[in-house]
Amino acid sequence: MLLSKYKGSALAALAGDCIGAEYEAAWQPVAYQTLMKLEEILKNSQAASRRFLNYTDDTEMAHELAKSLVENGKFVAKDVASKFTKTFFTSPPCRYYGASVRTVFEKLQKASPFSDPFGPASEQFDGQGSYGNGSAMRVFPVALFCHGNQELLEKLAALSAKLTHVHIDAINGAKLQASAVEIALSSSDGSISWLEFWQKLKDLIDKLEVDVPEKVYTNKLDMIKELIAREEVASVHEFEDKVGTGIKATEAVCAAIYAFLMCLADRQPSELSSLSKVQQVVFYSISLGGDTDTIGTMAGAIAGAFYGDEGLPSYWLSACEGEDMARDLATKLHELNEK
Ligand code: R7I
Ligand code: MG
Ligand code: MG
Ligand code: MG
């Protein structure tokens with residue numbers, strides 16, 4: 001059912017961020033054993049110790065974007081810029097925003113009431129714009145809002161990105177991640193192979209990078225296909241070396257896609273076999289290391305949209321700050337899309 005996919009996407013995105021954030025600072029691969037130890041802790045946690053996992057900027061911004069889409073019934077740049085900025089200046093330190101994006105919010109606040117919502121982002125990094133993954137980490141609500149309309153999805157993915165990130169790689173990362181969520185919403189377990197899923201993403205990126213000289217996503221997607229098709233599963237270090245797991249949109253988005261496709265291809269590690277598919281994708285994506293909250297949230301958004309919310313245990317969700325908001329926004333975006 002479609003509502004289960006909407007909820008699955010929002011809730012697995014939340015869990016990926018909250019769980020991934022536990023390992024972000026380490027900046028190295030996370031052992032399956034470590035993740036399975038957390039699984040035990042979550043499973044056995046008492047109601048008193050519930051909601052001990054905080055979400056970060058990934059979820060905070062995704063939820064603000066979703067709220068704006070729900071309230072306005074359309075994308076209103078000034079409203080999203082206003083919500084992003086207000087939340088940035090009132091949120092607790094545990095959100096861990098990217099180091100440079102603060103400048104965007106400072107400029108937006110100074111020039112409020114947001115007369116030029118895209119201006120400050122275009123001045124970042126001497127005018128080339130940020131290539132950080134912040135544009136893609138928060139984009140899944142665009143896919144839920146635009147479900148069934150790829151043209152609108154690409155337009156709104158770009159517009160929502162440009163409020164903070166104007167670099168072409170950040171914009172294309174947002175389009176690629178939103179499209180992966182859309183493909184997941186439009187297909188179901190058993191109806192599509194990992195290679196067919198990959199091919200849809202490849203067709204999209206061929207189009208998006210037609211005039212981009214470096215073609216970073218094209219090359220990384222080709223590498224991902226090679227790694228998944230290969231007999232021996234690639235080591236995390238080889239993946240880090242050939243695709244990457246860092247703060248660049250080109251790395252984190254491709255890492256999230258790789259984690260999802262590896263599980264779709266049934267190549268996930270046996271250590272995680274006791275878990276549901278959605279849980280496996282979230283844990284596997286975090287095991288890659290690097291920007292774990294962001295890779296976790298993006299892989300979760302795709303996997304939840306594909307498998308639905310049934311595989312997300314209540315002991316995971318009740319540990320996460322923001323569960324009710326995620327559920328509520330998913331339900332409202334679903335209602336809006338049905339109209
Ligand atoms: O992209 P952004 O919102 O950061 C998101 C990340 C996620 O991992 C979140 O979970 C959070 O932890 O941060 O924020 P930006 O500040 O725009 O970009 C992040 C970082 O990428 C910057 O602080 C820079 O270090 C780097 N970066 C660049 N460096 C050089 N040249 C981004 N663009 C450039 C660039 O053009
Ligand atoms: Mg974060
Ligand atoms: Mg690297
Ligand atoms: Mg991050």
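Biologist: Let's start with Gln177: which residue's backbone oxygen does the side chain of Gln177 reach?
Modeller: In this predicted model, Gln177 is found in helix α10, which covers residues 168-186. Its side chain reaches out to a backbone oxygen at 3.1 Å. The residue that owns this oxygen is Met298.

Biologist: Is Gln177 buried or exposed?
Modeller: A residue is called buried when its relative accessible area is under 20%. Gln177 has a relative accessibility of 1%, so Gln177 counts as buried.

Biologist: Now to the ligand: where does ligand 1 sit, and how much of its area does the protein bury?
Modeller: Ligand 1 sits in the largest pocket. Taken alone, ligand 1 exposes 700 Å². The part of that area buried by the protein is 85%.

Biologist: Which polar side-chain atom lies 2.6 Å from an oxygen atom of ligand 1?
Modeller: Let's go through some contacts with oxygen atoms of ligand 1. Tyr96 has a backbone N or O atom at 3.2 Å from an oxygen atom of the ligand, and Val101 has a backbone N or O atom at 3.0 Å from one. The contact at 2.6 Å comes from a polar side-chain atom, and that atom belongs to His165.

Biologist: How many residues of the shell around ligand 1 are charged?
Modeller: There are 22 residues around ligand 1, and Asp58, Gln128, Ser130, His165 and Asp291 come nearest. The shell divides into 7 nonpolar residues and 10 polar ones, and the charged residues number 5.

Biologist: Is Asp126 buried or exposed, and what is its phi?
Modeller: Asp126 has its place in the loop between α6 and α7. A residue counts as exposed when its relative accessible area is over 50%; Asp126 has 84%, so Asp126 is exposed. Most residues other than glycine have a negative phi. Asp126 is not a glycine, yet its phi is positive, near 55 degrees.

Biologist: What about Asp266: where is it found, and what is its phi?
Modeller: Asp266 is found in the loop between α14 (249-264) and α15 (277-287). With 57% relative accessibility, Asp266 counts as exposed. Although Asp266 is not a glycine, its phi is positive, at about 60 degrees.

Key:
Residues numbered from 1 in each chain as written. Chains lettered and ligands numbered in written order. Predicted model: local features only at pLDDT ≥ 70, side-chain atom pairs only at ≥ 80, totals over all residues. Heavy atoms only, no water. Near = heavy atom within 4 Å. Polar contact = N/O pair within 3.5 Å; in protein donor to acceptor, adjacent residues only side chain to side chain. Areas by Shrake-Rupley, 256 points an atom, 1.4 Å probe, with all protein chains shown as cover. 1 Å grid on protein atoms, 1.4 Å probe; cavity = no way out; pocket = protein on both sides within 12 Å on 5 of 7 lines; lining within 4 Å. Sits in = over half its atoms within 2 Å of the grid points. Nonpolar A, V, L, I, M, F, W, Y, C, P; charged D, E, K, R; others polar. Helix = DSSP H or I, 4+ residues; strand = E, 2+ residues; numbered from the N terminus. Buried < 20%, exposed > 50% of the residue type's maximum accessible area, 1.4 Å probe, protein only.
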